Amino acid sequence: TQSLIDYNRAGCALIEIVFRPDIRSASQAASAVLTLRQLLSHIGTCDGNMHTGSLRCDLNVSLAPVVDDDDDGSPSVHAGNRYEMDGDGDAANKDNPFGKYLPPNTGNRVEVKNLNSVRQVILATEYEALRQTRLLQQGVTIPQETRTFNAPNGCTVTLRSKEDAIDYRFMPEPDVPPVILNRDSLAGKSLPELLGTLPELPEAAVSRLMIEYTLDEDSALVIVSDGTPAIDYFERAVWCAEAELRSSVTANNTVVVPLNRSKIAPVVSKWLCNDLFGMVKKQQPSSANPNDPTGASGMDQQSIQAISIADSTVSPEQLGSLVSMILSNTISTRAGKNILSLMFDQLGSLVSMILSNTISTRAGKNILSLMFDDNDTVGSAAKSLSPRDIADANGWKLITDKIVLRNICETVMRDPQNTKQLTQYRQGKMKKHRIVKYLLGKAMSESQGNAQPMLLEEILTDVLG
């Protein structure tokens, strides 16, 4: 005879958080789980990954009659706080410690165990609401039971009955004494002092980023969703961009360099949220099963915790430098995207850009020479490249020399292919702005996309007379 003991969870603490019955819809249930998951991940309690078991949800669904007593006469079921103020609540729920929060005549609750994605929370809630509604319409009393969610079929299935169980009758455990929070148990600190040492919580972080860095709410939420690493990354990148812009000397007075944080931070946020997070997401292998619409067999489709800036190979210093080059009109936005791609996946992006003729073979060799020294051996790691190194190697810096730009414009004017447009411009037969736009495109093409757009248009207009 042999006995085996599974110690798989022996070293893992289990926290059970019970919500008051204030939730009235599937979307509210999903929002509650998402908010809790973000909080737990943000403060480091767990990584919040539902698909790996770090967090699971047990769902309790019960139905209550619609109450038609709103001021406008519309049907509603009020939030639990109403019944807390009214007294002990419904007599049918007197054995339930949460009974005073429930609307009158609330039916038996049905528990759905171990939901492992937000998508499952939504589907299980909606299925149970419809299932229980059909039973009530048939005159059947909802039995108190525990069910499980059948992911492939999108339905719940009975596990066991709780018909004879008294709901939530907790008994004190003699071997686990109560935890009393005082200076003795908190290493000499009071509870307010201890609370003061807690990390910045998500809601406060979103508010601070919006106020201090003038971010819109969506951008702040995306950054905070990745927790402290992304917040630190963003703030470091902003600081580096500010420092580089202050130290840069702009030779051309017509190029305005924004030194105001309210101008710099939103640009950093855009590149972080839209471009860099997108690259991190793209490189992550997906384990989702396309035949499973519930998200149970793979990563939660609504999960944003799997995408972390910690997986990025681009440092905040590199991103900050890139943004400063864009804001100072040293490089174009298009060149910036190519540079970011090269910094993120140096060798892979380099080969791809050479094959697609985005960069020349010669420029590719120049970048390789920056990645590796002559004495590097096979298998040596590529060196991290700065945005300025990549821009120099490819000739991607914007042309701001007025003499060079004027020569480009005059070359376009002398091109026989543009004679017709020039004649129409001088005769005024067409709207002049259309012809200027056409010639501006030709001039930009002549500069291989490296002309500073505002200066180029100014000089072209002057040349046209």
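**Sheet, core and helix packing**

Colleague: Which residue in β4 stands opposite Thr 146?

Modeller: Thr 146 has Arg 160 of β4 opposite it. Please note that this is a predicted model, in which local features need pLDDT of at least 70 and side-chain atom pairs count only at pLDDT 80 or more, while totals for chains, interfaces and linings use all residues. Residues are numbered from 1 along each chain as its sequence is written, and side-chain values use heavy atoms, with hydrogens and water left out.

Colleague: How many bridges join β3 to β4?

Modeller: Strand β3 (residues 145-150) and strand β4 (residues 155-161) are joined by 6 bridges and run antiparallel. Two strands pair if DSSP finds at least two bridges between them. Helices (H or I, at least four residues) and strands (E, at least two) are DSSP runs, numbered from the N terminus.

Colleague: And what lies between β3 and β4?

Modeller: The two strands form a hairpin with 4 residues between them, and Gly 154 in the turn has a positive phi of about 65°.

Colleague: What is the order of the strands in the open sheet?

Modeller: The order is β1-β2-β3-β4, in an open sheet of 4 strands with mixed pairing. β1 (57-61) and β4 are at the edges with a single partner strand each, so one side of each has no neighbour in the sheet. On average, neighbouring strands are turned by 30° against each other, direction ignored.

Colleague: Which helix packs on the sheet?

Modeller: Helix α3 (residues 118-137) does, touching β1, β2, β3 and β4, and its direction makes about 160° with that of β2. Here axes are lines fitted to C-alpha atoms, for helices over the stretch in contact, and angles run from 0 to 180 degrees between N-to-C directions. Contact means heavy atoms within 4.5 Å.

Colleague: How is β1 joined to β2?

Modeller: By 4 bridges, with β1 and strand β2 (residues 110-115) running antiparallel. Asn 60 has Glu 111 of β2 as its bridge partner.

Colleague: What about Asn 114; what is its phi?

Modeller: Asn 114 has a positive phi of about 55°, although it is not a glycine. This residue is in strand β2 and is partly exposed, at 47% relative accessible area. Buried means under 20% relative accessible area, exposed over 50%, and partly exposed in between (1.4 Å probe, protein chains only).

Colleague: Changing topic: how many residues does the largest nonpolar core have?

Modeller: It has 47 residues, and Phe 234 and Leu 319 have the most contacts inside it. The elements giving two or more residues to this core include α5 (202-212), α7 (228-247) and α8 (261-283). Helix α8 gives the most, with 11 residues. A nonpolar core is a set of buried Ala, Val, Leu, Ile, Met, Phe, Trp, Tyr and Cys residues joined through side-chain atoms within 4.5 Å.

Colleague: Which residues does Leu 319 touch?

Modeller: Not counting residues up to four places away in sequence, Leu 319 touches residues that include Tyr 233, Trp 271, Leu 276 and Leu 340.

Colleague: And Ser 269, is that buried or exposed?

Modeller: Ser 269 is buried, with a relative accessible area of 1%. It is found in helix α8. Leaving aside neighbours within four places in sequence, Ser 269 is in contact with Leu 215, Ser 219, Ile 223, Phe 234 and Asn 274.

Colleague: At what angle do α9 and α10 cross?

Modeller: Their axes cross at roughly 165° and come within 10 Å. That makes α9 roughly antiparallel to α10. Angles under 35 degrees count as roughly parallel, over 145 as roughly antiparallel, 65 to 115 as roughly perpendicular and the rest as oblique.

Colleague: How do α16 and α17 pack?

Modeller: Helix α16 (residues 432-446) and helix α17 (residues 453-464) pack at about 120°, with their axes 10 Å apart. They are therefore oblique to each other. The residues making the contact include Val 436 and Leu 440 of α16, and Leu 456 and Leu 460 of α17.

Colleague: Finally, how accessible is Leu 460?

Modeller: Leu 460 counts as buried, at 0% relative accessibility. Leaving aside neighbours within four places in sequence, the contacts of Leu 460 are Cys 409, Val 436, Leu 439 and Leu 440.
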